[in-house]
Amino acid sequence: MLLKSKALSPNAISTPTTLSSPARLQKTLVLWQLIMIGLAYMQPMTVFDTFGIVSMQTGAHVPTAYIITLIAMMFTALSYGKMVRYYPSAGSAYTYAQKSLNPNLGFVIGWCTMLDYLFNPMINILLATIYLKTLISDDISIWYYVIPLTIAMTYVNYRGVELVANVNTLIVFCQLLLMGIFIALVIKGLMFDGVGHGTIASTKPFFTPDMQIGAVAAGSAILCFSFLGFDGLSSLSEETKNAAKTVPRAIFLTTFIGGLIFIGMTYFMQLYFQGYVFANPEESQPEVLLYVGERSLTSFVAATFFQSVGLWLAVLAVCASGIAAHTGVSRMMYVMGRDGVLPPKVFGYINPKYKTPSINIVIVGIVCLTAGFFDLNFALHLVNFGALTAFFFVNLCVVVQYYIRDSQRYTFGHNIHYLLFPMLGMAFIIYLWFNLEYTALVIGLVWGMIGLVYLAFITKGFTQYPKEFINRNRNPEPEI
């Protein structure tokens with residue numbers, strides 16, 4: 001049972017323990033850096049990868065599916081913002097559930113969330129490998145791609161969050177530049193070359209009389225995973241100046257800006273690709289780039305070059321996303337180590353020179369190296385389960401902390417912000433649960449059971465909490 005604890009009695013409280021390392025995370029990040037890290041995590045260029053399959057799924061209404069997804073994900077983004085204001089900790093969903101619901105339940109949520117965070121860098125390495133095989137050679141062993149990519153991502157994270165922010169900013173800028181050129185070519189094709197719909201002003205991408213709302217909703221279930229990343233910003237709370245204000249703003253703006261980019265891009269793409277049938281809808285990025293290049297540039301050589309540049313940028317984009325994910329999971333592991341639910345001497349260590357959880361960063365790098373043994377679909381199952389678990393419980397934490405515990409329910413605004421919005425967020429997450437593949441549920445539940453067995457061991461059958469956790473809650477750190 002997760003709710004009982006003898007360790008909460010006064011006699012069980014020992015003197016505060018010393019943290020495994022005297023160094024601390026340093027508060028250096030500002031709003032624009034967080035937004036760049038969030039956008040890098042979301043990968044704006046992922047719109048090219050999902051366009052083919054979602055266009056087929058929705059009957060050529062991808063922008064509408066993105067609008068539905070953006071609205072739905074904003075509820076969860078707002079919940080993350082509320083919980084960051086209350087608990088500006090690098091522990092993210094783990095900390096929110098631990099403090100608002102129950103410490104043992106918080107560990108379970110953190111453990112399941114690690115399934116998302118821990119394997120997300122590996123997924124990005126697998127994606128980069130797919131692009132590199134297309135660009136270089138399919139005959140080269142996968143290890144020649146996996147090992148250098150893992151070393152590079154680990155090095156950037158090891159050297160500090162400022163380097164992470166700078167690298168991600170540069171890569172996001174390059175992505176947006178290419179996407180701007182892409183849209184210019186699309187507009188040229190629509191207005192002057194008679195491609196697709198032949199106009200840049202139409203409501204058809206958003207609505208047609210034969211549009212099926214069920215199909216569009218199914219498409220939005222696919223697209224919701226394009227928004228993963230805003231939640232990772234909450235794990236940077238202890239490295240952000242004025243975190244209680246800055247991080248919620250960054251989460252909101254990252255989600256909103258990313259959504260606008262996706263909607264705007266797919267609006268023009270839907271007009272351009274009217275009636276087009278993709279040869280490989282599930283991996284449409286190379287086909288999208290080449291098709292636009294062939295019809296808008298003067299030669300096949302130029303079109304091929306445009307496609308190659310796009311694929312090289314796609315490699316950088318997924319690497320930037322992997323770096324951001326790597327940053328987030330190392331911080332969550334640090335907080336769990338600091339609280340004593342993971343071995344503190346290892347996971348609670350901060351490098352005194354670079355002010356990073358360097359051991360955790362190396363551990364995540366080692367996990368990334370296993371990408372050579374996994375396929376992309378299997379890894380995606382791991383991520384989806386963890387992400388949805390975190391999203392659901394963060395929404396629940398808002399209801400419990402604000403609406404129930406703090407009794408903020410006596411005005412219309414309270415009922416909207418602390419009950420209706422998080423409930424809508426939970427409802428959308430439940431809908432997504434029903435759209436998860438069976439394999440994802442099985443893998444997630446097995447991972448959760450492993451966590452429960454480990455938790456039962458360190459809490460002596462759920463009868464006490466780890467001492468470090470108790471001491472930190474009775475003797476909290478200075479406000480960050």
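Aromatic pairs in this predicted model number 31, where rings of Phe, Tyr and Trp (its six-membered ring) pair if their centres lie within 6.5 Å, and planes under 30 degrees apart count as stacked, over 60 as edge-to-face and the rest as tilted.

| Pair | Centre to centre | Angle between planes | Class |
|---|---|---|---|
| F273 and Y276 | 5.4 Å | 75° | edge-to-face |
| F273 and F278 | 5.5 Å | 25° | stacked |

F273 is buried at a relative accessible area of 3%, F278 is buried at 11%, and Y276 is partly exposed at 25%; buried means under 20% relative accessible area, exposed over 50% and partly exposed in between, with a 1.4 Å probe and protein chains only. Ring pairs link F273, Y276 and F278 with F51, Y272 and Y291 into a cluster.

F51 also belongs to helix α2, where it takes part in the contact with helix α3 (heavy atoms within 4.5 Å). Helix α2 (residues 46-58) and helix α3 (residues 62-86) pack at an angle of about 105°, with their axes 9 Å apart, and they are therefore roughly perpendicular to each other, a class that covers 65 to 115 degrees. Axes are lines fitted to C-alpha atoms over the stretch in contact, and helices are DSSP runs (H or I) of at least four residues.

Residues are numbered from 1 along each chain as its sequence is written, and side-chain values use heavy atoms, with hydrogens and water left out. Because the model is predicted, local features need pLDDT of at least 70 and side-chain atom pairs count only at pLDDT 80 or more, while totals for chains, interfaces and linings use all residues.

Note on methods. Axes fitted to C-alpha atoms, helices over the stretch in contact; angles between N-to-C directions. Helix = DSSP H or I, 4+ residues; strand = E, 2+ residues; numbered from the N terminus. Parallel < 35°, antiparallel > 145°, perpendicular 65-115°, else oblique.
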